[in-house]
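Here is a briefing on one protein chain. Look over the sequence and the model before reading the points below.

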Amino acid sequence: MMKYKDLQFLNNPSQLEIRSSNLISTLPLLSKGSAVNCVTDMPTKVKAVGRVYGDEGEEWCSRMKHYLPDRKSGWLFTPSAPPMKAFLEAFTFRRESTTDEICYTAEFIEDCNGKSFEAKEGFTFARQGENAFDIAYRCSVGVDGLEELNGFPDPFGFSENDRVRIR
């Protein structure tokens, strides 16, 4: 079930779009071709579209829209992506009076200050395809410490969404 901060979604959205991308730099070379480099990861964006119903749905929408001026990121759990710290970037909803249905769209953007958060909290979640070397680099910690803290027998023993202690 999807959750943002302390607010559980009443049901999973009917549509969930997750967009991850990189900032790519392309420079022409004097000889032939061009040099292409990945400059940085761009923040992941999550767009959830769904429906809730009745007074319970209206109360849920009211609670969700109060996160907009909060200006603090929180944990976002979705059925299709690893947990991430994210900001609620936009939230819209409209009520259909004839069906008591409320259609909503919630848009989230990843908090790219995650390294400082992870250092403060002392843990992170392994991302798809990551190994201990990737996690250590992303969190600015040593590989040996990760293996010691987490009891993984080898640096490739991490699975997606594993909670990984970093201190």
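Which residue in strand 8 is the bridge partner of Gly74? The bridge partner is Ala86. The model is predicted: local features need pLDDT of at least 70, side-chain atom pairs count only at pLDDT 80 or more, and totals for chains, interfaces and linings use all residues. Residues are numbered from 1 along each chain as its sequence is written, and side-chain values use heavy atoms, with hydrogens and water left out.

**Strands**

- Helices (H or I, at least four residues) and strands (E, at least two) are DSSP runs, numbered from the N terminus.
- Two strands pair if DSSP finds at least two bridges between them.
- Strand 7 (residues 74-77) pairs with strand 1 (residues 3-4) in the antiparallel sense, over two bridges.
- Leu76 in strand 7 stands opposite Tyr4.
- Strand 7 also pairs with strand 8 (residues 84-96), in the antiparallel sense and over three bridges.
- Strands 7 and 8 form a hairpin, with six residues between them.

**Aromatic pairs**

- The structure holds 14 aromatic pairs. Rings of Phe, Tyr and Trp (its six-membered ring) pair if their centres lie within 6.5 Å; planes under 30 degrees apart count as stacked, over 60 as edge-to-face and the rest as tilted.
- Trp60 and Phe91 are an edge-to-face pair, because their ring centres are 6.0 Å apart and their planes stand at 70°.
- Trp60 lies in helix 1 (residues 54-65) and Phe91 in strand 8, so this pair ties together parts that are 31 residues apart in sequence.
- Phe91 and Tyr104 form a stacked pair, 6.3 Å centre to centre with 25° between the planes.
- That pair links Phe91 in strand 8 to Tyr104 in strand 9 (residues 101-110), 13 residues apart.
- Trp60 and Phe91 are both buried (buried means under 20% relative accessible area, exposed over 50%, partly exposed in between, with a 1.4 Å probe and protein chains only).
- The relative accessible area is 9% for Phe91 and 2% for Tyr104, which is buried too.
- One aromatic cluster is formed by Phe9, Trp60, Phe91, Phe93 and Tyr104.

**Charge over a ring**

- The charged end of Arg163 sits over the ring of Phe123, 3.7 Å from the ring centre. The cut-offs: NZ of Lys or CZ of Arg within 6 Å of the ring centre and within 35 degrees of the ring normal.

**Helix 3**

- In helix 3 (residues 132-139), the buried residues are Ala132, Ile135, Ala136, Arg138 and Cys139.
- Seen down the helix axis, these buried residues fall within an arc of 165°, so they line one face of helix 3. The arc is that of the directions from the helix axis to the C-beta atoms.
- Asn131 caps the N-terminal end of helix 3, with a side-chain oxygen 2.8 Å from the backbone nitrogen of Phe133.

- Asn150 is in helix 4. Asn150 is buried, at 18% relative accessible area.
- The side chain of Asn150 reaches the backbone nitrogen of Arg165 at 2.8 Å.
- Asn150 touches Arg163, Val164 and Arg165, not counting residues up to four places away in sequence (contact means heavy atoms within 4.5 Å).
- Gly157 sits in the loop between helix 4 (143-150) and strand 11 (163-165). Gly157 is partly exposed, with a relative accessible area of 26%.
- Gly157 touches Phe152 and Asp162, again not counting residues up to four places away in sequence.
- The C-alpha atoms of Gly157 and Asn37 are separated by 29 Å, and the two residues are 120 residues apart along the chain.

Note on methods:
A polar contact is a pair of N or O atoms within 3.5 Å; within protein, one must be able to donate a hydrogen and the other to accept it, and residues adjacent in sequence count only if both atoms are side-chain atoms.
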